[in-house]
Amino acid sequence: MYQKQGKTAYKADLSNTILLTKHLGNPESDFKSVHVGGTNGKGSTSHILCSVLMEAGYKVGLYTSPHLKDFRERIRINGKMIEESYVVNFVEENKSFFEANSLSFFEMTVGMAFTYFRDEKVDIAIIEVGLGGRLDSTNIIEPELAVITNIGYDHMQFLGDTLEKIAAEKAGIIKAGIPVVIGETVGETKPVFNAKAEEQGAKIIFAEDIILNEVPNSDLKGIYQKKNLRTALVALQELRNRFNRINTKNISDGFTNVERNTGLMGRWQVFNNEPLTVADTAHNKEGIMEVVHQINDQSFNQLHLVLGFVNDKNIEELLSFFPAKAQYYFCEPKIARGLPLNSLIEISSRLGLNGTAYDSVSKAFKAAKKQANKEDMIFIGGSTFVVAEVV
């Protein structure tokens, strides 16, 4: 399971997924879909699209990763998680096939999601890419539309060490004749997307170039969500050609009720206002920069930062974005990939960040709550898995 193990659980190969879906009767061919990839924002964008389609009266499947509390968060229909009984029965029925073919956790989960969406006869499914795009297990679908939110430096050990290489992997979800919406580009990535779209004969729409009269307000309060909302709105304009029940009110209501409709958690999630207490799953350079920018925009006396990380990131770079004038509560998430506490303390000390080490996320959060007064701010983050322990 990549979520827990990291690199050893990653398979850059579609052959097992193709073998599995053939065994399952190619369920991915029996429902319409939208494929959403990118470095940051693909989860939020997927949930926004799901919310609007739900408001339009469609039966909407949603496949995302990773989960925070419950495996079943990954597979939902109209916001409701897959039933435990379905998960158990699916594994029991296919266990011998899984074992005989050494399928990964992610491959099995993709097969389960696609079979569930077929069995439940969804009108459309929003499918979030797991990692990369070209060789991701989800990349066997023929969607109505592809969406790529942006490109940043993450998972470089798999996707390459330049923006061009990473963009080429993400662009692997662009398929022949299927339109693609690109949320954001930089100088290095736009030519990669244009070349891939031209090669595939696919219509390409750059959301940043589209003039929009207005982007509706949303219950998603992270400043960075403005980019995701814009990308989603442009994608919905394209989808309306195929799903004509989508109207302006559906879009407005869908944007306003993303969390309620879909169960999205961990994106600038506010737990309390006195003191302001926020968690966010941002975990790479671009994501952390956006979150720190929003932290700096808040009004507070003292900032309390509960931080932990996984061990396959450039921790020194990530910590360098956080303000020196803060009280730090360092912790280690309870997964095998968690960055050891002594390593985190050593790096933070080198950067002159003052804090205390705690042997669990919950103890660190508890200490921050005890220290903070009503005019302060507490932020919990650094890793999806730190946030998972407090939501």
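Strand S10 (residues 276–279) and S14 run parallel and are joined by four bridges. Two strands are taken to pair if DSSP finds at least two bridges between them. Strands (E, at least two residues) and helices (H or I, at least four) are DSSP runs, numbered from the N terminus. The model is predicted: local features need pLDDT of at least 70, side-chain atom pairs count only at pLDDT 80 or more, and totals for chains, interfaces and linings use all residues. Residues are numbered from 1 along each chain as its sequence is written, and side-chain values use heavy atoms, with hydrogens and water left out.

Strand S14 (residues 377–381) is largely enclosed by the rest of the structure, because five of its five residues are buried. Buried means under 20% relative accessible area, exposed over 50%, and partly exposed in between (1.4 Å probe, protein chains only). Both faces of S14 are covered. Met 377, Phe 379 and Gly 381 are buried on one side, and Ile 378 and Ile 380 on the other.

Helix H12 (residues 285–296) packs against this region. Its buried residues pack against S11, helix H13 (315–320) and S14, where contact means heavy atoms within 4.5 Å. The buried residues of H12 are Gly 287, Ile 288, Val 291, Val 292, Gln 294 and Ile 295. Seen down the axis of H12, they fall within an arc of 160°, so they line one face of the helix. The arc is that of the directions from the helix axis to the C-beta atoms. An α-helix has 3.6 residues a turn, so residues three or four places apart point the same way. The 12 residues of H12 should span 16 Å at 1.5 Å a residue, and the end C-alpha atoms are 16 Å apart, which agrees. The expected span is 1.5 Å times one less than the number of residues.

A separate description covers the open sheet. Eight strands form it in the order S4-S3-S2-S5-S1-S6-S7-S8, with mixed pairing. Its edge strands are S4 (80–81) and S8 (204–206), each of which pairs on one side only. Strand S3 (residues 75–77) runs antiparallel to S4, and two bridges join them. Ile 77 has Lys 80 of S4 as its bridge partner.

Aromatic rings were also examined. Rings of Phe, Tyr and Trp (its six-membered ring) pair if their centres lie within 6.5 Å; planes under 30 degrees apart count as stacked, over 60 as edge-to-face and the rest as tilted. By this rule the count is 12 aromatic pairs. One of them, Tyr 86 with Tyr 116, is edge-to-face, at 4.8 Å centre to centre and 65° between the planes. Tyr 86 lies in helix H4 (residues 84–100) and Tyr 116 in helix H5 (residues 105–119), so the pair ties together parts 30 residues apart in sequence. Tyr 86 is buried, with a relative accessible area of 17%. Tyr 116 is buried too, at 3%. Tyr 116 also forms a tilted pair with Phe 117, at 6.3 Å centre to centre and 45° between the planes. One aromatic cluster comprises Phe 31, Tyr 86, Phe 90, Phe 98, Phe 114, Tyr 116 and Phe 117.
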